[in-house]
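Here are a few notes to read alongside the model. Take them in order, with the structure open.

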Amino acid sequence: MERLKSRTIQTVILVLVIIGLIALALGGYLTPLSRYALAPFISAQTWLSTRFQAIQSYVAAPQDTARLRQHNLELEAENSRLQSEIIDLEQQLSETRILQALVDFARVNPEDRYIAAQVIGRDPSPFLQYVLINRGSDDGLRRGMLVVTSQGLVGRIAAVTAGAARVQLITDAASAINVRLEPSGAQAVLKGSTTGDLSLDMIPQEASVQIGDLVLTSGLGGNYPADIVIGQVTNLRSQDTDLFQRASVQPAVDFTQMPIVLIITNFRPVDVTPLIPTPSTP
Amino acid sequence: MATLIAIPILGVLLILQTAVISQIPLLRGTSDLVMVAIIAWSLQKTVKTAWQWGIIGGLLVGITTALPYALPVFGYLLVVGMVLLLRQRVWQVPILAMFVATFLGTIIIHGLSIGVLRFTGTPLSWLESVNMITLPSLLINLLVALPAYAIFGDLARWLYPAELEV
């Protein structure tokens with residue numbers, strides 16, 4: 001009986017202690033104590049867990065590497081595909097912009113009829129400034145027709161085959177064009193050169209030419225129609241002892257970046273040779 | 001076969017030259033791939049079709065260029081003659097002969113071009129043409145000469161296999 005009473009008291013005390021501890025814990029009074037008590041356990045568990053994860057990672061690594069490599073290859077392939085798609089789209093955008101500019105140019109000059117052509121090459125001889133285009137007599141092109149871009153005059157067709165044509169650029173050393181300078185209205189002759197530079201000759205001494213003046217075709221001679229933009233005067237050389245002034249011209253067209261050109265099909269050059277007097281003519 | 005194969009080979013080289021090489025000049029000079037190919041082919045000891053290659057190359061370039069039609073044909077035949085002379089008489093070191101022939105070939109073709117263009121009324125300056133076009137072209141042609149010699153050497157060995165003594 002005495003033993004039973006003693007055990008009951010022990011149980012009650014134990015329950016009261018547990019309830020007290022729980023109450024203390026819920027009240028937050030055991031937090032500092034638990035921190036110190038649990039610290040060694042946490043450290044040990046961290047140490048063990050780190051080692052286990054390292055071993056697990058070592059064991060599982062080959063599979064992961066293979067999977068990552070495959071994933072990497074897939075991503076690289078996707079990247080290459082997207083890169084080529086971007087290049088393709090950029091090229092299409094560039095061509096669209098050029099065509100838009102050419103269409104705008106054609107709208108501004110509705111009296112002319114145009115055919116667009118792609119520049120497919122240059123003359124193999126470095127002494128000549130000619131380009132090859134992918135349109136020929138089958139498309140209605142004829143020798144002497146003018147070639148332009150939205151920036152200005154490019155040249156004229158020098159030879160034609162059924163499917164292609166050769167265009168003599170205005171920068172060719174054999175090219176000479178009668179031009180007019182604006183706003184002075186002075187007449188001059190534009191010449192190409194071996195280096196591809198343009199120069200003006202035969203500018204009258206009395207003409208008041210300024211740097212920045214616009215160079216346009218004059219239409220004289222019948223080879224080119226009037227008022228097509230060629231470029232701007234960049235440098236002027238004038239000496240009192242010379243008969244004429246000379247000048248350098250910056251062309252409006254960038255001949256190195258000229259993927260598409262327009263051919264004016266309704267212009268025919270006029271042959272004025274019979275009208276030029278010869279010594280035998282009375 | 002060795003003659004007919006010149007048409008696609010020189011044709012492809014000409015397309016490459018007009019579409020790509022001419023767009024990337026050094027100063028104003030560009031490489032003459034057709035001429036270098038003809039020289040490399042003509043220098044191979046087993047080759048017997050050098051003259052034919054010269055004519056085909058000249059005709060192909062003559063169709064494309066604005067130079068007078070006969071000039072490339074005549075020029076390349078002159079180059080082939082010069083190469084055969086070098087091959088027969090003087091040179092025992094073919095690589096050196098390739099460089100010398102490329103040098104002389106460029107001078108011949110450019111000299112003819114300048115001469116004919118001036119004769120036909122194009123106002124070309126000798127000094128400007130040599131400085132801006134011929135010298136840079138010479139440099140590029142010499143750079144192309146070595147790989148061209150190796151490639152056409154392989155082609156010649158394929159078309160003219162060495163006879164085995166039994």
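1. A word on terms: helices (H or I, at least four residues) and strands (E, at least two) are DSSP runs, numbered from the N terminus. By that count chain B has six helices and zero strands, and along the sequence chain B reads α-α-α-α-α-α. The radius of gyration of chain B is 16 Å, close to the 15 Å that the globule rule gives for 166 residues, so chain B is as compact as a globular protein of that length. That radius is taken over C-alpha atoms, and the globule rule is 2.2 Å times the number of residues to the power 0.38.

2. Before going on, note that this is a predicted model: local features need pLDDT of at least 70, side-chain atom pairs count only at pLDDT 80 or more, and totals for chains, interfaces and linings use all residues. Residues are numbered from 1 along each chain as its sequence is written, while chains are lettered from A and ligands numbered from 1 in the order in which they are written.

3. How much of chain B is buried? Of its 166 residues, 40% count as buried (20 or more other C-beta atoms within 10 Å of the residue's own, with C-beta atoms placed from the backbone). The C-alpha atoms of chain B fill a box of roughly 65 × 30 × 25 Å along the principal axes.

4. Look next at α1 (residues 6-19) and α3 (residues 50-64) of chain B, which pack at about 40 degrees with their axes 10 Å apart. Axes here are lines fitted to C-alpha atoms, for helices over the stretch in contact, and angles run from 0 to 180 degrees between N-to-C directions. Residues meeting there include B:Leu10, B:Gly11 and B:Leu14 from α1(B), and B:Trp53, B:Ile56 and B:Gly57 from α3(B); contact means C-beta atoms, placed from the backbone, within 7 Å.

5. Where do the chains touch? In all, 18 residues of chain A are in contact with 27 residues of chain B. On the chain A side, β1 (114-122) and β2 (130-133) each supply at least two residues, and β1(A) gives the most, with three.

6. Chain A also holds a closed barrel of six strands, β1-β2-β5-β4-β3-β12, with antiparallel pairing; strands pair if DSSP finds at least two bridges between them. The twist averages 45 degrees from one strand to the next. Five bridges join β1(A) to β12 (residues 260-264) of chain A, and these two run antiparallel. A:Ala117 stands opposite A:Val261 in β12(A).

Key
A residue is buried if 20 or more other C-beta atoms lie within 10 Å of its own, exposed if 12 or fewer, and partly exposed in between; C-beta atoms are placed from the backbone. Two residues are in contact if their C-beta atoms, placed from the backbone, lie within 7 Å.
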